[in-house]
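Here is a short briefing for you, with the structure shown just below.

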Amino acid sequence: MAKPRIFSGMRPTGKLHLGNLFGALINWVRLQDDYDCVYGVVDWHALTTAYEDTSEIRANTRELVMDYLAAGIDPKKSIIIRQSDVKQHAELCLLFSMITPLSWLERCPTYKEQLRELEGREIMTHGFLGYPVLMAADILVYKADAVPVGEDQLPHLELTREIARRFNFLYGPVFPEPQPKLNEVVLLPGTDGRKMSKSYNNVIEMSASADEVRRAIENMVTDPARIRRTDPGHPEVCSVHALHKVFSRTMLDDITRDCVNAGIGCVDCKRRLADAVNEFLEPIRQRRRALEREPGLVDDILADGAKRARVIAEATLEEVRKAMRI
Ligand code: SF4
């Protein structure tokens with residue numbers, strides 16, 4: 001029996017960090033056994049907020065594919081694509097744009113949020129407003145049954161489902177309504193205690209060397225009330241402790257107790273965290289080093305992914321054109 005299909009993608013905007021790894025990638029790797037997965041590097045989406053300077057998109061695409069592979073995405077099990085290699089995404093986006101009311105896009109909460117965040121930038125473009133339509137096309141061109149999402153992305157997926165419903169109502173049943181597959185959410189704080197995010201410049205990259213990890217953790221903010229080594233700590237407000245919860249599960253109770261009793265200094269506590277993070281990242285680094293020794297690997301994987309994806313996407317478009325009588 002065919003497995004249900006999943007589509008998900010990330011924008012090639014730079015190297016991935018631990019927040020991306022725990023927020024999405026680890027989950028993607030797990031899904032590979034039970035689903036027929038298509039994972040995209042959605043390079044057209046990168047243009048929606050950064051169309052002026054495109055100099056890094058190709059290099060970032062390669063980095064992102066390397067991050068996928070190093071994390072454990074297996075191109076034999078899953079299809080890895082660069083969105084712009086599969087032109088059917090664009091055709092379907094165009095057709096969906098004809099049936100999507102503007103009001104659906106304007107009410108999208110992330111649209112308003114991004115407008116606020118990126119204030120001062122020239123992003124009031126057709127492409128920016130319409131980016132959920134392109135996202136719907138990315139998902140529905142593969143007739144995905146499910147989409148791994150975080151709670152914050154649910155409104156976008158709902159829009160995809162609305163577009164599928166509207167299409168099916170107007171032209172006949174072609175598309176499934178993809179279900180959300182909620183990620184097991186592990187929110188990692190960044191080095192400054194806020195959510196780990198590239199825009200806050202507080203990330204630890206997945207491909208960071210052991211020394212880079214150590215330096216980043218040495219500079220992390222801790223409990224501000226713990227000024228002297230003898231002051232008792234408050235682990236619940238400390239971002240180092242929040243990372244220990246993820247990376248040091250077996251010694252977490254000891255660390256918590258030692259922090260509260262001032263039995264450990266923050267320098268030592270950070271050293272232990274750096275050891276744990278490095279131990280976790282080492283197999284990922286090793287895979288990456290091995291992959292880097294294979295020239296042409298990323299090109300081959302993307303070429304193979306595009307070939308396999310186009311077959312699925314073109315079959316969908318044939319149905320779409322027939323249903324729409326064009
Ligand atoms: Fe944070 Fe560790 Fe210092 Fe406690 S001992 S405040 S958990 S860094």
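R288 and E63 form a salt bridge, with their closest N and O atoms 2.4 Å apart; a salt bridge here is a side-chain nitrogen of Lys or Arg within 4 Å of a carboxyl oxygen of Asp or Glu. Please keep in mind that this is a predicted model, where local features need pLDDT of at least 70, side-chain atom pairs count only at pLDDT 80 or more, and totals for chains, interfaces and linings use all residues. Residues are numbered from 1 along each chain as its sequence is written, and side-chain values use heavy atoms, with hydrogens and water left out.

- Domain 1 covers 5-188 + 295-324 and domain 2 covers 208-288, with bounds from an automatic or database domain assignment.
- The C-alpha centres of the two domains are 35 Å apart.
- Domain 1 brings 13 residues to the contact and domain 2 brings nine, where contact means heavy atoms within 4.5 Å.
- About 860 Å² is buried between domain 1 and domain 2, and carbon and sulfur atoms give 72% of that area. Buried area is the accessible area (1.4 Å probe) that two parts lose on being put together, summed over both.

**Polar links and the domain 1 side**

- Two salt bridges are counted between domain 1 and domain 2.
- There are also three residue pairs in polar contact between the domains, both residues being at pLDDT 80 or more. A polar contact is a pair of N or O atoms within 3.5 Å; within protein, one must be able to donate a hydrogen and the other to accept it, and residues adjacent in sequence count only if both atoms are side-chain atoms.
- On the side of domain 1 that touches domain 2, α1 (18-31) and α3 (57-71) are the elements giving two or more residues.
- Of these, α3 gives the most, with six residues.

**The whole chain**

- The chain has 14 helices and five strands, taken as DSSP runs (helices H or I, at least four residues; strands E, at least two) and numbered from the N terminus.
- The C-alpha trace spans about 75 × 45 × 40 Å along its principal axes.
- The structure holds 24 salt bridges.
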